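Dear colleague,

Please find below the structure for your review. My findings follow it.

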Amino acid sequence: MGKNKTDLLAGTLDLIVLKLLQSGPANGWDITQRIQVLSQDILSVNYGSLYPALHRLEARGWISSKWGASENNRRAKFYALTTAGRRQLAAERETWERFSTALELILQTR
Amino acid sequence: MLNWLKLRLRALFRRGTMEEELDEELSYHLERDIQRHIARGMSPDEARSAVRRSFGNVEALKEESRDARGTRLVEDLLADLRYAFRVLRRAPRFAAVAVLTIALGIGANTAIFSVFDVILLKTMPVEEPGDLFFLDVVGSAGINGAPPYPCFERFRDDSQSFSGMAAFQVHGLTLKIDGYAERVVGQLASASYFDVLGVEPLLGRMLAPEDERLDPPVTVLSYRYWQRRFGGRPDVLGKTIAYRDHVLTIVGVTPPEFFGLQVGTPIDLTIPITVVGADQLGDGGSWWFDAVARLEPGVSSQQARAEIDPIFQRFMRNRMSAQARAQHFDHMELTPASRGFGQLRNQFSEPLLLVAGIGGLVLLIACANIANLLLARATARRQEFAVRVAIGAGRCRLVRQLLTESLLLFAMGSAVGLLFASWAGQMLVSFFAVGRNPILLDLRLDWRTLLFTAALCLITGTLFGLLPAVRAARVEASLDIKKGTSRTTGSRLRLPAARLLVVSQVALSVILLVAANLFVRTLANLRALDVGFRADEVLTFRIEPLESTYPTERLAALWTMVLDRVAIMNETAARFYFDDQDSLGARVKLLDRVYEVIGVAGDSKHNSLRDEIPTVLYLPVLQPVDGLRQLTLAVRTTGDAASLINAVRGEVRELGPDILVTEVAMLEQQIDRALLQERLVAMLSGGFGVLGLLLAAIGLYGVMSYAVVRRTNEIGVRMALGASGLAVAWLIVRETLITAGAGVAIGVPLSLLAARAAASLLFGVQPTDAATIAVSAAVLIAVAAISGYLPARRASRIDTMIALRHE
């Protein structure tokens with residue numbers, strides 16, 4: 001594993017998962033790969049936090065799951081965003097943007 | 001929301017599937033990772049071990065996933081329940097005794113509650129019962145029925161406070177169906193009756209306004225009568241029934257839950273009240289029916305009363321003597337009708353409250369036994385608890401587990417108790433349904449009863465399971481794993497709780513025994529009263545010639561008038577009117593006729609055994625003072641009463657057609673009926689007294705046996721030092737007696753208080769009767785001695801050598 005990996009900030013994994021599912025259903029492994037690729041290998045998420053997060057989001061009704069065939073034709077569980085999940089994504093995104101703007105402002109002061 | 005629920009239900013009930021899916025999901029992930037490593041040039045073996053390293057603790061991950069499902073609490077509960085079942089299966093004798101004890105306690109209380117509910121609590125099965133009121137005429141002599149019918153009509157036509165009102169009257173009617181005469185409980189009612197109550201027809205229709213014209217006359221059947229008499233056939237609509245000179249057409253059937261407005265006297269059918277005829281309807285000086293009215297929304301009963309009372313006062317002006325008005329027709333009052341007529345309620349509220357209290361005491365005693373059993377078991381299971389604490393079970397978790405176990409016990413006990421209650425309930429129903437005017441109670445295990453039982457189960461289970469559970473959770477892991485059952489050291493700590501429970505059991509038993517004693521003696525005293533007649537082997541029945549066949553002119557011939565006008569008075573009358581002198585030959589005027597007194601009869605009881613004897617003038621039945629329409633005969637029998645009644649029916653049939661023989665009963669049964677309330681209380685308090693005593697004895701026996709086991713070691717030492725078997729036995733018996741003595745000492749003053757509260761239900765015995773209390777205390781001490789004797793004998797036979805090695 002690379003050396004420049006950064007641990008996720010607490011609470012951001014939910015936002016990331018919701019965002020990645022916005023473009024369509026995906027299984028757990030796909031999500032780990034996409035996080036790695038999209039963050040240009042800066043972020044990596046391990047199984048230990050991803051699956052509990054997926055199940056937690058499902059229990060809250062933000063995503064739903066369905067068994068389907070994966071690209072290599074094996075049975076895999078696919079997760080998809082629900083309507084409530086879309087609303088949640090918008091809300092969390094706004095919260096995050098406000099937070100990062102605020103953080104940026106603070107960091108820029110001399 | 002629906003999705004959320006589905007997910008959790010799936011998590012609970014398809015737990016296995018969920019686990020498998022989680023496994024499959026993770027193994028898929030694992031496999032893809034391995035493939036990726038291979039694609040980048042690793043060997044399959046290298047790839048596998050690399051991935052396995054990065055995966056880390058899979059179990060912890062699974063655990064976290066499970067928590068994410070949010071059903072942890074329920075899953076734990078289910079696990080606790082499974083464990084509790086296993087534990088109980090391993091101790092079947094303990095479980096059986098506990099379940100049976102709880103079943104008796106909860107079953108008895110459920111049965112009492114179902115009667116209590118039907119007679120005292122339940123509202124009528126009608127729409128918005130809280131808005132219904134009876135319109136009663138009140139005078140100094142008490143509450144009467146509705147005002148005279150013409151006055152009722154003025155209320156109905158002139159008042160604004162009510163959305164509707166109806167007149168009704170319930171009494172026995174004689175009908176002829178398909179040529180056969182029979183007697184039913186009939187209700188004469190205004191056409192508005194069902195509208196006012198909000199009762200919808202099950203079949204056909206209810207009464208309509210034009211039905212009061214009796215053109216044609218119609219009737220509505222009750223569900224019970226429809227089932228009983230017509231087998232529930234739907235083609236009953238249109239059938240006709242003869243009543244007096246009317247031919248009634250059946251137009252509808254009321255729903256099963258509707259029984260009229262009088263608990264205990266369900267009606268069979270309803271006829272428009274106008275059948276009584278214009279004369280009776282126009283009568284302005286008597287009350288003969290009742291009126292029920294529904295308040296207009298937003299109107300209070302005081303406002304309504306303020307509106308109708310002036311109407312009543314205007315109507316009554318100059319109608320009767322001032323004295324009669326003050327006594328019987330003084331003013332109007334509104335009585336809540338939500339729970340129907342109050343007769344049964346008034347008669348039974350005090351005895352039922354008392355019986356419910358007694359039932360509660362029995363339940364407490366039973367629960368104390370359970371708590372004791374649980375305490376003893378908790379001690380026996382110390383090692384198990386210690387192991388659980390040592391491997392990481394929190395004490396809270398342990399208490400929860402034990403509480404689950406006791407609640408499971410109580411739930412099983414309650415389930416058996418419900419069976420017991422439905423049986424006991426039927427016994428109580430048949431107990432009420434005796435004599436000529438039986439009280440017919442509609443008992444059923446409805447949701448109210450089930451709710452009561454569930455609440456009782458939950459409260460008692462938590463209350464009496466908590467103490468043993470909390471005590472059990474106070475284990476020292478390091479000490480108790482090694483030792484298993486601890487020795488004498490623990491006895492000081494734990495026994496006081498058990499002792500305290502037994503002392504309170506004995507105290508409660510004293511109250512029960514004193515109550516049983518007092519009420520059984522009350523019943524015996526009433527039974528021993530000189531009623532003035534011999535009730536045994538007397539059959540009574542009523543003969544009633546049908547009005548349609550026997551108009552008044554023919555009746556006279558039937559009763560064959562005798563012209564002699566003679567009378568006999570009882571001793572009380574002779575004393576009251578003649579000071580016991582010269583009563584023979586005196587002339588008495590009664591309703592314009594003069595009678596000659598030819599004898600004085602001994603006094604006898606009439607309506608009630610408790611009442612003073614009234615003054616009575618006996619006239620021969622053949623000189624009726626007013627229109628005699630029916631006659632009750634008393635026949636002294638020598639043989640089988642059942643075959644006699646057939647002979648009577650045969651004789652009556654030969655007299656002519658259409659003469660009914662009704663209300664057949666033995667005179668003794670009538671006395672039973674008159675003593676219903678006292679018999680109920682005596683039977684239940686007696687039964688509960690015995691039950692409570694038995695439970696307390698079991699409790700004492702259990703605690704003393706347990707003490708002997710725990711002190712085996714100590715007893716062995718005593719015996720090795722020279723104590724005789726007798727001395728050891730006395731040690732145990734003495735302890736039992738001290739415990740029981742303490743219970744009696746607490747129980748006696750409590751029972752004195754309780755007895756004083758129930759004084760009005762006693763007859764011929766004082767609530768502070770010293771003999772009663774002495775007998776009860778003596779019985780308890782004797783029973784305690786016996787309960788202590790068995791463990792004491794066991795203690796005296798302990799083998800010294802074995803005892804000293806006893807751990």
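**Contact between chains A and B**

Between chain A and chain B there are 9 residue pairs in polar contact, counting pairs with both residues at pLDDT 80 or more. Please note that this is a predicted model.

On the side of chain A that touches chain B, the elements giving two or more residues are helix H2 (28-38), helix H3 (47-59) and strand S3 (75-81) of chain A. H3(A) gives the most to that side, with 8 residues. By type, the residues on this side of chain A divide into 8 nonpolar, 9 polar and 6 charged.

The rule also finds 3 salt bridges across the interface of chain A and chain B. In a salt bridge between Lys77(A) and Glu21(B), the side chains meet at 3.6 Å, N to O.

The contact draws 23 residues from chain A and 23 residues from chain B. Together the two chains bury about 2,300 Å², with 53% of it on carbon and sulfur atoms. Of the area that chain A buries against chain B, Trp29(A), Tyr47(A) and Arg74(A) supply 31%, more than any other three residues.

**Strands within chain B**

Strand S3 (residues 162-177) of chain B runs antiparallel to strand S10 (residues 290-295) of chain B, and 6 bridges join them. Within this pairing, Ala166(B) has Val292(B) in S10(B) as its bridge partner.

S3(B) is also joined by 10 bridges to strand S4 (residues 180-189) of chain B, again antiparallel. Here Val185(B) in S4(B) stands opposite Gly172(B). The hairpin of S3(B) and S4(B) has 2 residues between the strands, and Asp178(B) takes a positive phi near 50° in this hairpin.

Yours sincerely

Notes: Residues numbered from 1 in each chain as written. Chains lettered and ligands numbered in written order. Predicted model: local features only at pLDDT ≥ 70, side-chain atom pairs only at ≥ 80, totals over all residues. Heavy atoms only, no water. Contact = heavy atoms within 4.5 Å. Buried area = accessible area lost by both parts, 1.4 Å probe. Salt bridge = Lys/Arg side-chain N within 4 Å of Asp/Glu carboxyl O. Polar contact = N/O pair within 3.5 Å; in protein donor to acceptor, adjacent residues only side chain to side chain. Helix = DSSP H or I, 4+ residues; strand = E, 2+ residues; numbered from the N terminus. Nonpolar A, V, L, I, M, F, W, Y, C, P; charged D, E, K, R; others polar. Pairing = 2+ DSSP bridges.
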